[in-house]
Amino acid sequence: MTDHSGKIFPRPSPETAVYWDACREHKLMIQQCHSCNHFQFYPRIMCTQCMSSEVNWVQASGKAEVLSFTIVRHPVSKAYAEETPYVVALIQLSEGPTLMSNVIECDLETVAIGMPVEVVFENWSEEISIPKFKPAE
Ligand SMILES: [Zn+2]
């Protein structure tokens, strides 16, 4: 298993605890508004579309596409040296929300805008698993 110590670990907050708990079980959760059905990510206490405070957590399909990306060729610190170069991508989930992640398990040069991808999880510790994306099957 890759050594993830030294990396920048996310720190779950009251707003994001549900999200990180689900990641640990390899489930990607996003919020959906009960009033207008709008999906959103990152988590907020109200709907960004209609301001309703009735936002629920739902499991995302994990299907997504690459909206934009860059290839990081210089590690930001020693902790990331082993996996450099790597792809940092803006991912658009099929439900609509976007998130920053990495595209993994493929040749970097094959990554393209519009590429269909699906979520996979990297276990960094007992508490933290990180959603990443690989080419869709
Ligand atoms: Zn709404």
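Histidine 26 counts as partly exposed because it has 14 C-beta neighbours inside 10 Å, where a residue is called buried if 20 or more other C-beta atoms lie within 10 Å of its own, exposed if 12 or fewer, and partly exposed in between, with C-beta atoms placed from the backbone. The model is predicted, and local features need pLDDT of at least 70, side-chain atom pairs count only at pLDDT 80 or more, and totals for chains, interfaces and linings use all residues. Residues are numbered from 1 along each chain as its sequence is written.

Histidine 26 lies in the loop between helix 1 and strand 1, and its phi is near 60 degrees, a positive value in a residue other than glycine. Glutamate 105, in the loop between strand 6 (98–103) and strand 7, likewise has a phi near 60 degrees, and with 11 other C-beta atoms within 10 Å it is exposed. Most residues other than glycine have a negative phi, and most peptide bonds are trans. Two peptide bonds here are cis: one joins phenylalanine 41 and tyrosine 42, with omega about 5 degrees, and another joins threonine 84 and proline 85, with omega about 0 degrees. Tyrosine 42 belongs to the loop between strand 2 and strand 3, whereas proline 85 belongs to the loop between strand 4 and strand 5.

Read along the sequence, the order is α-β-β-β-β-β-β-β-β. The radius of gyration of the protein chain is 16 Å, close to the 14 Å that the globule rule gives for 137 residues, so the chain is as compact as a globular protein of that length; the radius is taken over C-alpha atoms, and the rule is 2.2 Å times the number of residues to the power 0.38.

How are the strands paired? Three strands form an open sheet in the order 2-1-3, with antiparallel pairing, and its edge strands, strand 2 (39–40) and strand 3 (55–59), each pair on one side only. Two strands count as paired if DSSP finds at least two bridges between them. Strand 1 (residues 29–33) meets strand 2 over two bridges, and glutamine 32 has phenylalanine 39 of strand 2 as its bridge partner. Elsewhere, three bridges join strand 4 to strand 7 in the antiparallel sense, with glutamate 65 partnered by proline 116 of strand 7. Strand 7 in turn pairs antiparallel with strand 8 (residues 129–135) over seven bridges, and these two strands form a hairpin with five residues between them.

The largest nonpolar core has 16 residues, and those with the most contacts inside it are Ala89, Ile91, Val103, Val117 and Phe133; such a core is a set of buried Ala, Val, Leu, Ile, Met, Phe, Trp, Tyr and Cys residues joined through C-beta atoms within 7 Å. Helix 1 (17–24), strand 1, strand 4 (63–72), strand 5 (86–93) and strand 7 (116–123) each supply at least two residues of this core, and strand 5 gives the most, with four. Leaving aside its neighbours within four places in sequence, phenylalanine 133 is in contact (C-beta atoms, placed from the backbone, within 7 Å) with residues including Ala64, Ala89, Ser101 and Val119.

How values were computed:
Contact = placed C-beta atoms within 7 Å.
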